Amino acid sequence: MPYRPTIGMEVHAQLLTRSKMFCGCSADYWAAPPNSQVCPVDLGLPGALPVINARAVEATVLTGLALNCEIASVTRFDRKNYPYPDLPKGYQISQYELPLCRNGWLEIEVDGERRRIRIRRVHLEEDTAKLTHVEGCSLLDFNRAGVPLMEIVSEPDMHSVDEVREYVTQLRSVLRYLGVNSGDMEKGAMRFEVNVSVAREGERGTKVEIKNLNSFRAVTRSLEYEIARQTRILERGGHVEQVTMGWDEDRELTFEQRSKEEAPDYRYFPDPDLPPLTLDPAWVDGLRARLPELPRAKAERYQREYGLSAYDAGVLTAERAVAEFFEAAVAAAPAGVDAKMISNWLTGELFRLMRARERSIEQVPITPRDLVALLEMVAAGRLTGASGKEVLEEMFVTGRPPAEVVAARGLAQISDEAALRPVVEKVLEENPGPLAELLAGKEPVLRFLMGQVMRATRGQANPQLAQRLLQEAAERRRRAS
Amino acid sequence: MPLTRQEVEHIAELAKLALSQEEIERFQEQLSAILDYAAVLQRLDTEAIPPTAQVIELKNVMRADEVSPSLPVEDVLGNAPSRRDSYFCVPPVIEVAP
């Protein structure tokens, strides 16, 4: 029987609050000069008292609700003791026995199969200071210390790297929908730890933890590496040590950080500085009512209501802002422009332009209304598909409405017989040879003459009309001769 | 309830204290005496009393999410034994945080 991995995850997500978890210092530390957003609370100075940020509690409960968790009626903060310079108090304020949320789940879909990954708990804690190692010393910047950090712990319910990738992708999408986390992994807004054991089905493996993973890529690459490592050991008849690993990003391998014997003793105990919280069920219900439609529910609705494919629905709903743009476009769409067409142009042309110019949907100056106005011209045959793409690009750059761009560029498709007939006549006069062949019944030459009409009109001739006019003109000449 | 020698060594390690042999023995005795004293409290019947970590009956003390001024950088670094530019400077740490 083959070996199979069992994987659980801890995700740390910084909350998008204005101020820190336990003091009024700004939580927006990214571009701040070192140690400029610090006060006695972050520094753990004697006598400083932490006070809980209400918005951080709200954001964590909102997340718990989105992850189908039970919300605690009584919750408390505890001290997690460990000596390390990034925590000057000698402990981190965290939650141990009574987390804000527990026993939830997040649904994922891999290869058409839906699975619920159980969430053990979601709790709130504080981020630590940033350490930079230089020659001879370590530099400490406390701006990040005390930034609200939410920890989401799953049960070991995943059994493949694909499931893990889907889980973290879904989770990031949910957090961004809720507006509680930026999802910006390059800035450390989401950090991961995985635990993985490999065993034959029905047997128990030894759990190995991998810490300090800062991107989806680090998560999946380290898991692939670690699963292969453990499988190799087991296949040789060896046994896996229970250890904590780090991930070497550059060399792409895991390395041992700590053995079981060195496991830290955190001595958790309730923080006497922070009175317990009791959460009013009516307040929790109020938050529940404020939950937005979440990405998977939205994707299912798109498939049901608009007949979109699972893939397109997934792409449109991954980011809330894209989904909102799509929905606004559908709502503004005139007859002849359907959701499918909007989806195609949005995920095709518009995404291509966004990728090429590294823009997010929020940075695109095209309004949903202007997009469907453009699509209406294409759908009604007033603009060719190729011209439509050209117009979209100009709209993308300048933000001008489509009608203006079409007029300025003279791109309107020529569907007017009176305008097109002289062009057709001129093409036939200038090409006596091909005309003679056409009259002799050589139909394929029609395509060449069509090309000439298109060239003369810079691609704007309505193709169906041009072809009909060419055939009519030829027919007239045949009868006249 | 006498503490074992290993327990004293473990507590010293957690507190980052280096103890001499003589100190370990002395603290083994003293810490045990403290625990014995606390053990008197264990005799109380607390069956009907919910556990608490607080003596004041406050709850739900929270603040609105508003930014207030931080300390000036020079004050932040005022007590730093060693600094480099605006950073605190600590002996190099290679071990990775828990």
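## A strand pair across the chains

Strand E2 of chain A and strand E1 (residues 62-63) of chain B run parallel, joined by two bridges. A:Ile52 is the residue opposite B:Met62 in E1(B). The model that shows this pairing is predicted.

Strands of a sheet can pair in a parallel or an antiparallel way, in both cases through backbone hydrogen bonds.

## The interface

How much area do chain A and chain B bury between them? The figure is about 3800 Å², and 62% of it lies on carbon and sulfur atoms. Three residues, A:Asn35, A:Tyr84 and A:Pro275, supply 13% of what chain A buries against chain B, more than any other three residues. The contact draws 57 residues from chain A and 33 residues from chain B.

Polar links are present: 16 residue pairs are in polar contact between chain A and chain B, with both residues at pLDDT 80 or more.

## What chain A brings to the contact

Which elements of chain A give two or more residues to the side that touches chain B? Two are helices: H1 (40-43) and H2 (54-66). The strands are E2 (52-53), E9 (130-134), E10 (137-141), E13 (208-213), E15 (253-259) and E17 (277-278). E10(A) gives the largest share, five residues.

By class, the side of chain A that touches chain B holds 31 nonpolar, 14 polar and 12 charged residues.

## A three-stranded sheet in chain A

Chain A also has an open sheet of three strands. The order is E6-E5-E16, and the pairing is antiparallel. Strand E6 (91-94) and strand E16 (269-270) are the edge strands, each pairing on one side only.

Strand E5 (residues 78-81) of chain A pairs with E6(A) over four bridges, in the antiparallel sense. In one of these positions, A:Asp78 has A:Ser94 of E6(A) as its bridge partner.

## Overall form of chain A

Chain A comes to 16 helices and 17 strands. Is chain A compact or spread out? Its radius of gyration is 31 Å, whereas the globule rule gives 23 Å for 481 residues. The value is well over the rule, so chain A is more spread out than a compact globule.

The C-alpha trace of chain A spans about 105 × 55 × 50 Å along its principal axes.

Methods. Residues are numbered from 1 along each chain as its sequence is written. Chains are lettered from A and ligands numbered from 1 in the order in which they are written. This is a predicted model: local features need pLDDT of at least 70, side-chain atom pairs count only at pLDDT 80 or more; totals for chains, interfaces and linings use all residues. Side-chain values use heavy atoms; hydrogens and water are left out. Two strands pair if DSSP finds at least two bridges between them. Contact means heavy atoms within 4.5 Å. Buried area is the accessible area (1.4 Å probe) that two parts lose on being put together, summed over both. A polar contact is a pair of N or O atoms within 3.5 Å; within protein, one must be able to donate a hydrogen and the other to accept it, and residues adjacent in sequence count only if both atoms are side-chain atoms. Ala, Val, Leu, Ile, Met, Phe, Trp, Tyr, Cys and Pro count as nonpolar, Asp, Glu, Lys and Arg as charged, and the others, Gly among them, as polar. The radius of gyration is taken over C-alpha atoms; the globule rule is 2.2 Å times the number of residues to the power 0.38.
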